[in-house]
Amino acid sequence: MDSLQVRLLVTYFFVIAVTLGLASLSLLLQLGEYRDSISYGNLEDMGRLVNSQASLQIQLSADSALPGDQPSGSTGDDSGKKLLADLNNYFNNSDSGRLSRETTVAVIDASGRVLPGFATSSTSLDGSVVRDLAVQPPGDALNDPRRCRLDRPDGPDILCVSTTLGADALAALEGTNASAIIVARPAASLGEIVGDLFPRLVFSGLIGVAAALVLGFALSQSVAAPLRNIARAARSVSRGNYRQRVPATGPREVRDLAANFNRMTEEVQRSQQTLRDFLANISHELKTPLTSIRGFSEAMLDGTIDDQVGIERSAKIISDESNRVLRLVQELLDLSRIESGQVSMQQDEIDLNELFGHVGEVFALRSEESGVSLDASIQGQAHIRGDFDRLEQVMNNLLDNAFRHTPEGGTVRVACRDLQPGTLQVTVADTGPGIPLNDLPHLFERFYRGDNQNGARQGYGLGLAISREIVRAHGGEIWATSEPGRGTTFVFTLPTGGRATPPRQRG
């Protein structure tokens, strides 16, 4: 029972068994009506046959009775009674096999009473009365059987059908009050009905169960097979095969599971690749300054550099490279803490005029020295809730990149406007050479560094990654657009109401 497919089959079989059981119970509850319907159907067929035989026998008996054979003083009543007696003998003849032991034939008058002395039953039917005869609708033909019940004074009611005698038979029986002939028998027992239906029900049930099991196996296979594929793929991923993918087949829920599994493995594969790239990049970034520190320190220790000027120069290089390593480690720690949600953004009232004015002062000297003008404009709402220092860090990173890639005589523009109710949009645009289209998707990745206008790479590739996490921690998004030869524009959005939740975790 550990297999999902076996459980589905057992469950399916159980549902089928319960359904068949309920259907059988419902059938048993309705067998009463079915039993009467079957019994009446048999009686109607027998009634037509008995009526034909009775009419024929009466006609034969009447034709064989010659006028000279009748005793003197006999009347039509006596002749009719003799015909009834002959008819009674005809149906009671045990050798004829015309009627079963349970079937009774009797003649009734117009009021439904059985005529005395006429019955094919071993039990006297004198005093018996046919009920429901008057309320039965007439048949399409004169001799069509009509359903009724026979009340017996010394026994339970039995089912019967009545058939009106033909005109010739009624004429021959004139004076006897005969009106119709009835065929009666007890309703079939429940055992007889069940015995009649049981083989058919069992045969139909077996066919249904066999078909259901085949369909159930196919259904369970359609669910279990894709799940087995996913399980095998998951084991492969656990062993380090992150390229494993599974086909999205089966029911909708299983297809969704397969699609989510494929997306998960893609994310895991991407994360593993990012981790390998990160280790390679951090190793490369640390190797250069550490090599310089080691080289100059060993040179001073072994006396290779022994003059004062050389020692001061080596000490300055060691200090600069040490600060470079410290900045790199600090930026990595800062990025990691922001991504993991360990840094909560302050939710203070911020006037963007003040923020833009502050960063303008910071870059005023650089603007003057580089010959690049700095313009700032604010339209619409100028107040938000957020962390002033962190947003200043974002602006500093974006402006530093803009000044670095804008040639002398160019312009760096900072603007802010209402994007929609409750959201501001801030842009930092330059007039530099632009960024190649194939580099745009990677701008915010760790350690990604684009070439400057001279083809050299600058920075550690962490500033934009940190900026993205700070913006996301404030509930906004950041992206870049660029057109080679016409400059680059960095855009980020901020909700005016702030955001108190931690930043989104990296997947």
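This is a predicted model: local features need pLDDT of at least 70, side-chain atom pairs count only at pLDDT 80 or more; totals for chains, interfaces and linings use all residues.
1. On the open sheet. Five strands make up an open, antiparallel sheet, and their order is β1-β5-β4-β3-β2. The edges are taken by β1 (104-108) and β2 (129-131); each has a single partner strand, so one side of each has no neighbour in the sheet. Direction ignored, neighbouring strands of this sheet are turned by 40° against each other on average.

2. On the pairing of β1. Five bridges join β1 to strand β5 (residues 180-185) in the antiparallel sense. Within β5, alanine 184 is the residue opposite threonine 104.

3. On the loop between β1 and β2. Glycine 112 has its place in this loop and is buried, its relative accessible area being 0%. From glycine 112 to serine 128 the C-alpha distance is 8.6 Å, with the two residues 16 apart in sequence.

4. The whole structure contains 15 salt bridges. In one of them, arginine 131 is joined to aspartate 151, with 2.8 Å between the closest N and O atoms. Arginine 131 is in strand β2 and aspartate 151 is in strand β3 (residues 146-151), so the pair ties together parts 20 residues apart in sequence. Both ends are partly exposed: arginine 131 has a relative accessible area of 29%, and aspartate 151 has a relative accessibility of 23%. A network of salt bridges links Arg131, Asp151 and Asp157.

5. On two further salt bridges. Arginine 324 is bridged to glutamate 321, the closest N and O atoms lying 3.4 Å apart. Both residues lie in helix α7 (residues 308-339), three residues apart, or about one turn of the helix. Arginine 324 is partly exposed at a relative accessible area of 22%, whereas glutamate 321 is buried at 16%; the cut-off for buried is under 20%. The other bridge connects arginine 468 and glutamate 469, with the closest N and O atoms 3.7 Å apart. Arginine 468 and glutamate 469 are both buried.

6. On the aromatic pairs. There are two aromatic pairs in the structure. Phenylalanine 363 and phenylalanine 403 are stacked, with 5.6 Å from centre to centre and 5° between the planes. This pair links distant parts of the chain, 40 residues apart: phenylalanine 363 is in the loop between α8 (352-362) and α9 (364-370), and phenylalanine 403 is in helix α10 (residues 388-405). Both of these phenylalanines are buried.

7. On the other aromatic pair. The ring centres of phenylalanine 444 and phenylalanine 490 are 6.2 Å apart and the planes stand at 85°, so this pair is edge-to-face. Phenylalanine 444 is in the loop between β10 (423-430) and α11 (463-473), while phenylalanine 490 is in strand β12 (residues 487-495); the two are 46 residues apart, and the pair links distant parts of the chain. Phenylalanine 444 and phenylalanine 490 are buried.

8. On strand β10. Eight of the eight residues of β10 are buried, so the strand is largely enclosed by the rest of the structure. Thr423, Gln425, Thr427 and Ala429 point one way from the strand, and Leu424, Val426, Val428 and Asp430 point the other way.

9. On the partners of β10. Strand β9 (residues 411-420) pairs with β10 over eight bridges in the antiparallel sense, and valine 414 stands opposite valine 428 of β10. These two strands form a hairpin with two residues between them, and glycine 422 in the turn has a positive phi of about 90°. β10 also runs antiparallel to β12, to which it is joined by seven bridges. Here threonine 423 stands opposite proline 495 of β12.

10. On a surface patch. Phe14, Val15, Val18 and Leu22 form a nonpolar patch on the surface, and their accessible area together is about 380 Å². One of them, valine 18, is in helix α1 (residues 4-29) and counts as partly exposed at 38% relative accessibility.

Conventions. Residues are numbered from 1 along each chain as its sequence is written. Side-chain values use heavy atoms; hydrogens and water are left out. Patches are made of residues with over 30% relative accessible area and no salt bridge: like charges are joined within 9 Å, nonpolar side chains (Val, Leu, Ile, Met, Phe, Trp, Tyr) within 5 Å. Accessible areas come from the Shrake-Rupley method with a 1.4 Å probe; for residues, only the protein chains shown count as cover. A salt bridge is a side-chain nitrogen of Lys or Arg within 4 Å of a carboxyl oxygen of Asp or Glu. Helices (H or I, at least four residues) and strands (E, at least two) are DSSP runs, numbered from the N terminus. Buried means under 20% relative accessible area, exposed over 50%, partly exposed in between (1.4 Å probe, protein chains only). Two strands pair if DSSP finds at least two bridges between them. Axes are lines fitted to C-alpha atoms, for helices over the stretch in contact, and angles run from 0 to 180 degrees between N-to-C directions. Rings of Phe, Tyr and Trp (its six-membered ring) pair if their centres lie within 6.5 Å; planes under 30 degrees apart count as stacked, over 60 as edge-to-face and the rest as tilted.
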